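Look at the structure below and consider how its chains are arranged. Keep in mind while reading that an arrangement can be described from the whole down to single residues.

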There are 2 protein chains.
Amino acid sequence: MIEQETVAILGLGLIGGSLARDLSMRGTRVLGYDRDAEQVRAAFNVRAISGVIGEDLEALRSASIVVLAVPVDVAPALLERASPFLGAAELITDVGSTKLVIGERASKLGVRDRFVGAHPMAGDSRAGFAASRPGLFTGSRVYLCPSSRSEPPAKTKALKLWHAVGADVRWTTAEEHDGEVAFTSHLPHLLSAALARTIATAGHDVAALGTGGRVMTRLAGSSPAMWQAIVSTNHAAIVRALAACASQLDQVRELVARKDHTSVARLFEESGEWLRAAPADAAPENKAPRKKARGASGITG
Amino acid sequence: MIEQETVAILGLGLIGGSLARDLSMRGTRVLGYDRDAEQVRAAFNVRAISGVIGEDLEALRSASIVVLAVPVDVAPALLERASPFLGAAELITDVGSTKLVIGERASKLGVRDRFVGAHPMAGDSRAGFAASRPGLFTGSRVYLCPSSRSEPPAKTKALKLWHAVGADVRWTTAEEHDGEVAFTSHLPHLLSAALARTIATAGHDVAALGTGGRVMTRLAGSSPAMWQAIVSTNHAAIVRALAACASQLDQVRELVARKDHTSVARLFEESGEWLRAAPADAAPENKAPRKKARGASGITG
């Protein structure tokens, strides 16, 4: 029962704030920390948190679940600051969009057995507690990334936490997760920025964009700080994804250059089919989403 | 006065059908042709057209304005079929998203002096007369591409035609137009398809896409036939745009590979600034939109 836990949420932005709201509404005791006192006040005022964790983080001592909900490049240092006070914590988790770097820090700090990384796919372009809302995670996919050293109680608590807020939980590993999001999220954002720079460099302004051009450059307006942070924690996989995309782009250029019109049509046919295909695994939760997924055994049965 | 013209519209799909609706509503006599009799019936039933042009195209003889509103790879042959009956036409135009190929055919057929190509930026993913609607062009940008040989009366009528339906007219040349849309429209569509293929080839299904991945692959589901046609009429410019984008992508990959996080942030900062920038030329019509634009002299004063 999630109501029996004391959950400490470090970072009360869109994700941390929304999680605090839902857990508090369920009757769970939620303690909140944010380096910005304004966010803490806002969360306390709407009863998203019932207690405040100060800058010394000592109040973490009473938490059975600790959630890092800060940018991915800040989370490792915050985990280090928190580590002296994690004696009562049975689950230490995070919500960042990359999972290897934070997992490695957990290992280094000796808390890997209680650490299970999480990545809720519920981000949007807004930020701060003002953007948080009840029900943000209902039906959202949440990847959980235990390591081989994660203990069953930590995994059970991670599942309980995200089930309590209605998430569609998928088990995977940090390696596989980071490799996948490099393709499904990081590459698309970088591509949008590269496209915007390409069009701008060619001397065309944004008013010249057709509908397609507008759609494809929209993500280029994403937060520079957030993308700097994400890229800095997932280099190798992103480089692989960029190389794979560059190779596909070269192939498209060759098709066009040699006037192979049929293959251009086939590119759109195949891409359209892929877009419309139902996922092979439609089970809502507790299943490894892909053949290669590891880390699922022992969790669901 | 557009009401004094007889406008023949060849192709009663989204663009041709919408143009027919608006002109008929203004009291203009509109004759319609479509190889699909069902589209003709639908247009006639809602009084978008008041007369029907048969397969022999002979009824074109009475038209003072002839508009080709068929796919770009079909338009040249249709213009050739129509050419024996264009004696009364003072303006021959089209609505395709590439302008060089159709302009060359007009030259070859000896009607270049009366031909002014048009490209209304009003397409969407739907097609056919059923998708047409009144007011589609209100405020939409329409590029007009006369050649050095286009006569003033043809240019005047082209301006009158698109002003009558509320368009934001911009004068340019076919060369410049095709070069620009290669970057602002064709490249984004091909990039979306290349991205979809990249993600699919890496073994990830569409359910794994985050918000960003979904946005960036949406255009990959565009009509294969339409994109085959567009690409087939704008090879050289598209190859240049793909090469420019590949080069930007390589630069991004280098930044990430050498862990130059600051430059990744700067990429998003600059792209965001470009996205938010107001266009240098905010005048609504009759002006050359960019410094390099030609063909504007003698049109507006």
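The paragraphs below go from the pair of chains to their interface and then to the core.

This is a predicted model. Two copies of a chain are related by a rotation about an axis and a shift along it.

How many residues does the contact take from each chain? It takes 83 from chain A and 83 from chain B. Between them the chains bury about 7500 Å², and 74% of this is on carbon and sulfur atoms. Arg197(A), Phe268(A) and Trp274(A) supply 11% of the area that chain A buries against chain B, more than any other three residues.

Two salt bridges are found across the interface of chain A and chain B. Arg197(B) forms a salt bridge with Glu270(A), with the closest N and O atoms 2.9 Å apart. On the side of chain A that touches chain B, H6(A) gives the most, with 19 residues.

In soluble globular proteins, nonpolar side chains tend to be buried together. The largest nonpolar core in this model has 68 residues, and those with the most contacts inside it include Leu190(A), Leu242(A), Leu190(B) and Leu242(B). Helices H6, H8, H9 and H10 of chain A and of chain B each supply at least two residues of this core. Leaving aside its neighbours within four places in sequence, Leu242(B) is in contact with residues including Leu249(A), Val252(A) and Leu190(B).

Conventions:
Residues are numbered from 1 along each chain as its sequence is written. Chains are lettered from A and ligands numbered from 1 in the order in which they are written. This is a predicted model: local features need pLDDT of at least 70, side-chain atom pairs count only at pLDDT 80 or more; totals for chains, interfaces and linings use all residues. Side-chain values use heavy atoms; hydrogens and water are left out. A nonpolar core is a set of buried Ala, Val, Leu, Ile, Met, Phe, Trp, Tyr and Cys residues joined through side-chain atoms within 4.5 Å. Buried means under 20% relative accessible area, exposed over 50%, partly exposed in between (1.4 Å probe, protein chains only). Helices (H or I, at least four residues) and strands (E, at least two) are DSSP runs, numbered from the N terminus. Contact means heavy atoms within 4.5 Å. Buried area is the accessible area (1.4 Å probe) that two parts lose on being put together, summed over both. A salt bridge is a side-chain nitrogen of Lys or Arg within 4 Å of a carboxyl oxygen of Asp or Glu.
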